[in-house]
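Here is a short note for a colleague who is opening this entry for the first time. Please read the points with the structure in view.

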Amino acid sequence: MPDAVVVGAGPNGLVAANLLAAAGWSVEVLEAQPEPGGAVRSDRGVHPDYVSDLFSTFYPLAAASPVLAGLKLQEEGLCWSRAPRVLAHPLPDGRCAVLESGSEDTAAGLDTFAAGDGAAWLDLCATWNRLGPDILRALFTPFPPVRSAVRLAAGLRAAGGLRLARTLLLPVRRLGEEEFRGEAGGLLLAGNALHADLGPETAGSGGYGWLMSMLGQTYGFPAPVGGAGAFTAALVRRLERHGGVVRCEERVNEIVVRGGRALGVRTAGGEPVSARHAVLADVSAPALYGELVDAQHLPGLLLNDLSRFQWDFATFKVDWALSGPVPWTAGQAASAGTVHLADGVDGLTRFAAQIAMGQVPDRPFLLFGQMSTTDATRSPAGTESAWAYTHVPHRIRGDAGEDGLTGRWDRREQEAMADRMENEVERWAPGFRSRITSRRLLAPSTLEAMDANLRGGAINGGTAAAHQQLVFRPTPGTGRPETPVKGLYLASASAHPGGGVHGAPGANAARAALRGRSASRLHSACVPWAIRAGRSAEG
């Protein structure tokens, strides 16, 4: 019997298992898919000569994460690679907003749009340099982050206090308007905010866009050399070196609960797997509380709150094997790992509004990745392994375009959506389609079939909006990995601090399990002592 069973071998589950194994626990990880990794996997499914990442690709949060730094995955063979430029956003007039690898270079580029915008960017960077370490400590520790919050509060006071807090709560459109005279600075912030489901008019999107921009400015947007799967392989090697076990194609159907405590799990094949101390679930909150744990073991208020759980946008992704580099009109985009494609901030607003109305966008905002530009091992010399994804509504009420897309995502609809995305790339890179050797389509339903945590193609474990963050994640009054069932811990991106590959939900759950075991042992030790003391007093 292992000390802990971890349900799900995504990055959070593997981080949790690693921390428990390093603490001396025996750990068994059960994964439904044929291979570990969750949304951190790669393959050669588009073309045998090209490595393509199936889901996530760039990892600024991983580079910044103290959790992952503590695992020292470089000792397991993990290496990172970065493109010459972090991010580019071409404009219709041929100019290009660029997040360079150095802040001074980024500032110089912004000054070409409007004098003084470079200094404004450097001011944002200076604020990050003062507050960034405390923000990251607060972000990656369980809520409430008491010690880091005290340090962060002191830093906020020094950096302007309520005025800075107001700035971070602004919609990103307004933040860009307040900070920059030209278009480029606000465009970098707004595009980065839409790495989550935060449109330009959403409160708090300014703070998120600033966070992602500063992560890119500080750490770049790195990718694992050889593909995303190299990141997962390093986690698995470290776990196995500490005695942990990963079992794939073992879907868990039930968390076994007796007397209010999680005792283990039961697999789809009917096998009971007991856990001596804890069960950690790297599954979505709706899956944990709505499917794996019987409702009789859960408070009615939690189940009622869960009915209001909001997923982030659905996702449609296309992977390409290209015979040559992308022929961007804006030359600076050619050396960027990530390229944002939209007609300025107005285009982003239009895109987010169409999703809010339940429409498939006619001019989808694309996040475009150039993986061979980032890591030359991904494809033969002179070619490009590329991808793009966009977002669509979960419940589609109509198509803003002309293809009559309904959300059935049958073959016709998938091909039409992929063509729409390619036509959008063609606007910014004429001749792009002529360089496509092969492509792979990943509709929302396909993504979910390959990773059940990506419900309906949602990639962040739930919305990043303020009403489902901190103490509201995944439901009001939670915010921590502990659940109403003793010995059961939520270890997925549905828990604080949410989506992104940084390992914090898994680490928080593992540490909570270790604390729970220590408290249990202390209680067990104290009870016999108290009994003996009582008998002595009676005697």
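1. Start with Glu28. Leaving aside neighbours within four places in sequence, Glu28 is in contact (heavy atoms within 4.5 Å) with Pro2, Ala4, Val5, Val6, Val245, Arg247 and Val273. Glu28 sits in strand 2; helices (H or I, at least four residues) and strands (E, at least two) are DSSP runs, numbered from the N terminus. Its relative accessible area is 16%, so Glu28 is buried. Buried means under 20% relative accessible area, exposed over 50%, and partly exposed in between, with a 1.4 Å probe and protein chains only.

2. A word on the source. This is a predicted model, in which local features need pLDDT of at least 70 and side-chain atom pairs count only at pLDDT 80 or more, while totals for chains, interfaces and linings use all residues. Residues are numbered from 1 along each chain as its sequence is written, and side-chain values use heavy atoms, with hydrogens and water left out.

3. Which side chain meets Glu28 in a salt bridge? The partner is Arg247, at 2.6 Å from N to O. A salt bridge here is a side-chain nitrogen of Lys or Arg within 4 Å of a carboxyl oxygen of Asp or Glu. Arg247 lies in strand 9 (residues 245–247) and Glu28 in strand 2 (residues 27–30), so the pair ties together parts that are 219 residues apart in sequence. Arg247 and Glu28 are both buried.

4. Now the sheet around this pair. Five strands form an open sheet, in the order 9-2-1-13-21, with parallel pairing. Two strands pair if DSSP finds at least two bridges between them. Strand 9 and strand 21 (488–490) are at the edges with a single partner strand each, so one side of each has no neighbour in the sheet. Neighbouring strands are turned by 20° against each other on average, direction ignored. Strand 2 and strand 9 run parallel and are joined by 3 bridges. Within that pairing, Glu28 stands opposite Val245 in strand 9.

5. Helix 1 lies across strand 1 (4–7), strand 2, strand 9 and strand 13 (278–281), and runs at about 170° to strand 2. For such angles, axes are lines fitted to C-alpha atoms, for helices over the stretch in contact, and angles run from 0 to 180 degrees between N-to-C directions.

6. There is also an open sheet of 3 strands, ordered 10-11-12, with antiparallel pairing. Strand 10 (252–258) and strand 12 (272–274) are its edges; each has a single partner strand, so one side of each is left without a neighbour in the sheet. From one strand to the next, the twist averages 30°. Strand 10 and strand 11 (residues 261–267) run antiparallel and share 6 bridges. Ile255 stands opposite Val265 in strand 11.

7. How do helix 9 and helix 10 cross, and at roughly what angle? The axes of helix 9 (residues 184–193) and helix 10 (residues 205–219) come within 7 Å and cross at roughly 100°. That makes helix 9 roughly perpendicular to helix 10; this label covers 65 to 115 degrees, with under 35 roughly parallel, over 145 roughly antiparallel and the rest oblique. Helix 9 makes the contact with Leu188, Leu189, Asn192 and Ala193, and helix 10 with Ser205, Tyr208, Gly209, Trp210, Met212 and Ser213.

8. The salt-bridge count comes to 40. One of them joins the side chains of Asp319 and Arg440, at 3.1 Å from N to O. Asp319 is in strand 14 (residues 314–322) and Arg440 in strand 20 (residues 436–442), so this pair links distant parts of the chain, 121 residues apart. Both residues, Asp319 and Arg440, are buried.

9. Arg420 and Asp399 form another salt bridge, with the closest N and O atoms 2.9 Å apart. Arg420 lies in helix 16 (residues 411–428) and Asp399 in strand 19 (residues 398–399), so the pair ties together parts 21 residues apart in sequence. Arg420 counts as buried at 7% relative accessibility, and Asp399 is buried with a relative accessible area of 18%.

10. Finish at Ala388, in strand 18 (residues 384–392). Is Ala388 buried or exposed? At 0% relative accessibility, Ala388 counts as buried. Beyond four places in sequence, Ala388 touches Phe316, Lys317, Val318, Trp320, Leu367, Phe368 and Met421.
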